Amino acid sequence: MFKILQKSIGAGIVTTAYPGAPAQISNHFRGRPSFDFEKWKDARTGAEVCPTGAISLGGNGDVRTVTVDYGLCVFCGLCAEASPDQAVRITQDFELATAERMNLVLTVEYTLNADGTHRQLRAVNRGFRNAGEDVENVGRKAREKIHKLLGRSLSIREVDAGSCNGCEVEIVALNNPIYDIERFGIHFVASPRHADMLLVTGPVTRNMELALLKTYRAMPEPKVVVAVGACGISGGIFGENYASLGGVDKVLPVDVYIPGCPPRPQALLHGILLAVGRLPERPYHEHAG
Amino acid sequence: MTEAMFPLVEALQRKFGCQVQSMHAGREDEIYLVARDPDVRAIAEYLTDECDARLVTVFAEDRRSAEGVFFNYYVFERRGDTQYLMVRVPAPEGGLEFTSLSAKLPAVNWQEREIQDWFGLKAIGHPNPRKVALHDNWPDVHPLCKDFPIDTVLPPFEGERHLYRPALGEGVFQVPVGPVHAGIIEPGHFSFAVAGEPILYLQLRMFYTHKGTEKLFEKLPIHRAVFLAESISGDSSFSHGAAFCQAIERAARIEVPLTALVMRTILLELERICNHVGDIGAIANDVGFVVANAHASRLKETLFELNERLTGNRLLRGMVCPGGVRRIWNDGQLDLLRGTIDAFAVEFRDLIALVHSSESTQDRLERTGILRPEKAKDLGIVGVAGRASGIDLDVRRDHPYAAYRTYSFRVPVYQAGDVWHRMQVRIDEVNESLGIIRTAADHSLRGEFRAPVPAIPPDRCALSAVEGWRGEIIHWIRTGPDNHLERCKIKDPSLNNWPAVVEAVQGNIIADFPVINKSFNLSYSGTDR
């Protein structure tokens with residue numbers, strides 16, 4: 001017993017101050033790629049190397065549209081390596097969670113040159129969408145209800161609906177002494193009957209669809225659904241195929257999306273606290289936006 | 001290359017004459033043989049019984065459009081030989097079947113049934129030919145056949161759900177668990193038959209996370225497929241990524257710069273340590289020693305932070321690439337690596353002293369969840385679980401890759417096969433890994449770290465093996481045109497090892513199932529793909 005105490009006292013307090021203080025993150029960490037759309041002369045290289053199609057090209061005639069979807073991004077950094085003009089930079093941003101899927105999508109319009117590069121930037125469209133307000137209202141209502149009923153504590157049921165287990169590794173880390181999610185009155189519970197929040201990793205496989213739905217239905221109202229990671233948001237690298245249905249919102253109404261591959265524990269913490277209204281959303285700003 | 005280098009080939013040709021023909025080998029440690037007779041039993045039995053070889057894996061390939069036939073590949077290896085022997089067997093003319101080996105070699109039970117489900121080839125003589133990889137309610141489709149488009153939208157499943165074998169008798173109950181479990185783990189269904197507390201029989205239903213991974217490898221260009229390999233099993237991202245890149249490099253016939261090989265070795269060992277220390281804590285946690293888990297998870301976190309500073313990602317993703325690694329380390333990163341490893345070694349020693357000082361922990365773990373060596377051999381168990389049950393296999397030593405030839409390390413093997421010894425294997429391996437990393441980090445990591453990868457011609461085949469932290473990972477590829485793959489076979493060690501869990505829980509109380517399962521800690525996603 002003495003040895004156990006000695007060991008614990010020796011280790012001291014290791015819990016992070018985040019989110020009370022900014023996260024201390026290595027500058028090697030690959031967070032959100034940031035795009036200088038004015039400077040970006042050729043998006044083809046980025047689209048070519050992107051493993052999940054998070055950067056995609058479209059348009060017709062002399063118009064090129066470039067779509068950047070942080071909900072598909074696996075934060076590999078290849079787009080930055082492939083853009084020698086420094087128009088794409090890897091940042092350490094990780095607080096990307098949002099209540100609205102379309103907030104993760106940017107569409108940019110350029111005038112196309114004959115050689116395939118592009119010149120003039122015509123427009124940058126952020127994803128914010130009025131049609132999404134209904135969804136957001138539902139989420140907000142659920143959050144308000146949870147807040148009213150439960151004060152600020154929260155019980156989470158986690159469901160792996162087909163993930164590679166990478167997201168689970170980081171979700172488990174929320175329980176370690178460093179991130180210690182219980183300090184917020186938040187804990188993971190064994191039964192959906194005890195849960196306020198369903199934290200889902202994906203892609204949702206055909207074989208897990210029913211189990212996911214049953215788990216959701218077993219939860220009492222009000223309830224919040226959070227989709228975790230590129231696969232949970234969009235299907236990620238697996239996308240949609242004969243065995244994968246894609247993102248969680250193909251099956252359930254999702255209140256909050258947490259990008260990452262996998263999202264680091266602070267990003268999960270941020271998304272979970274955002275979902276219960278304990279943190280504001282932090283919109284990112286782009287150049288020329 | 002002399003015949004003497006291939007004693008197995010020589011022995012086979014002496015025994016079977018022109019029934020087996022040698023095929024051009026791409027690399028000298030990867031030998032292909034073509035068997036004429038679709039009945040592979042005699043060859044397999046001769047190799048396993050008389051030549052002391054082990055059947056590593058079996059998989060199929062749809063070559064109907066190119067060669068008019070399906071092929072099965074049987075991969076063998078033998079202790080002391082660094083070669084892998086691949087025996088290619090055609091399906092009989094016009095027939096959609098192959099001869100099952102499961103009755104004789106239970107190790108390939110699931111893998112043969114997977115071929116049935118994915119290719120529609122019938123395993124003749126299989127003792128339990130029920131569906132495994134596609135659930136029973138799936139329509140009659142075979143997704144890995146070339147004429148099945150990957151984006152096929154299947155109708156809602158209306159077939160019969162899986163029927164578990166009933167457990168009958170007075171006082172016998174069935175306890176269904178999953179696919180959604182109580183903890184934060186992957187999905188799978190366990191059906192326990194219990195008489196009172198002890199478990200009589202466990203039935204497993206896996207493949208809940210089947211997401212078409214092998215098929216998807218045929219769709220993605222190779223440079224994108226690297227990231228798919230990293231998502232086969234999240235906690236083994238680097239091992240699977242490296243196994244895939246090795247296969248590509250072997251097919252491209254390029255040499256990877258030594259600096260990159262050393263860096264890969266360091267990262268492979270870091271992945272091993274991260275997972276082992278996490279498992280040691282989790283095993284202690286499952287018998288109520290929560291403080292040990294708190295320290296273990298704190299230590300794991302220090303390694304995750306190191307991972308991020310070395311590769312930009314806590315799970316070591318986005319670092320390995322065909323030809324080498326994407327970035328080289330500066331002096332600061334190398335100092336950080338050495339410093340963190342030294343500090344970790346001290347803390348790890350304390351952690352193990354703490355775990356070993358708890359007699360109640362030892363009492364709960366010893367003689368719990370025993371997998372006997374003879375069972376482990378029959379079932380073809382590999383990796384940590386195998387080594388705790390007398391199976392002396394380690395790809396790093398037996399088929400050296402990356403820079404493992406350079407380093408000396410001990411492969412711990414125990415006979416007891418209980419939870420305690422599965423933990424002990426991990427403890428020993430962490431200590432060996434720390435030694436490997438220390439030696440490797442003293443290597444001058446300078447110069448070239450990424451060889452250019454030329455366009456690879458179609459129809460190059462390559463086998464790659466990596467000792468992931470769980471055990472033997474096998475990737476086999478056939479290249480196709482335009483920077484794509486025709487076929488990518490993935491074998492995670494979990495696929496071999498699930499039957500070991502079934503074996504080990506028998507006679508134990510159901511309350512010990514979590515710790516027994518944790519002591520194997522198999523990957524569901526790696527199994528299901």
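Begin by selecting G277(A), which follows just after helix α8(A) and takes a positive phi of about 75°; helices here (H or I, at least four residues) and strands (E, at least two) are DSSP runs, numbered from the N terminus. This is a predicted model, in which local features need pLDDT of at least 70, side-chain atom pairs count only at pLDDT 80 or more, and totals for chains, interfaces and linings use all residues. Residues are numbered from 1 along each chain as its sequence is written, while chains are lettered from A and ligands numbered from 1 in the order in which they are written.

Next, select residues 265-275 of chain A, helix α8, where eleven of the eleven residues are buried, so the helix is largely enclosed by the rest of the structure. A residue is buried if 20 or more other C-beta atoms lie within 10 Å of its own, exposed if 12 or fewer, and partly exposed in between, with C-beta atoms placed from the backbone. Among the buried residues of α8(A) are P265(A), H270(A) and A275(A).

Now turn to the largest nonpolar core, which has 244 residues, and select V200(A), L212(A), V226(A) and V87(B), those with the most contacts inside it. Such a core is a set of buried Ala, Val, Leu, Ile, Met, Phe, Trp, Tyr and Cys residues joined through C-beta atoms within 7 Å. Helix α8 of chain B (residues 258-286) gives the most to this core, with 15 residues. Centre the view on V87(B): leaving aside its neighbours within four places in sequence, V87(B) is in contact (C-beta atoms, placed from the backbone, within 7 Å) with L33(B), A35(B), V40(B), I43(B), Y74(B) and F76(B).

Then show the contact between the chains, which takes 50 residues from chain A and 50 residues from chain B. On the side of chain A that touches chain B, α1 (2-11), β7 (154-160), α5 (166-173) and α6 (206-218) each supply at least two residues, and the largest share, six residues, comes from α5(A).

Finally, select chain B, whose secondary structure comes to 18 helices and 15 strands. Its radius of gyration, taken over C-alpha atoms, is 23 Å, close to the 24 Å that the globule rule (2.2 Å times the number of residues to the power 0.38) gives for 529 residues, so chain B is as compact as a globular protein of that length. Along its principal axes the C-alpha trace of chain B spans about 70 × 65 × 50 Å, and buried residues make up 54% of the 529 residues in this chain.

Terms used:
Contact = placed C-beta atoms within 7 Å.
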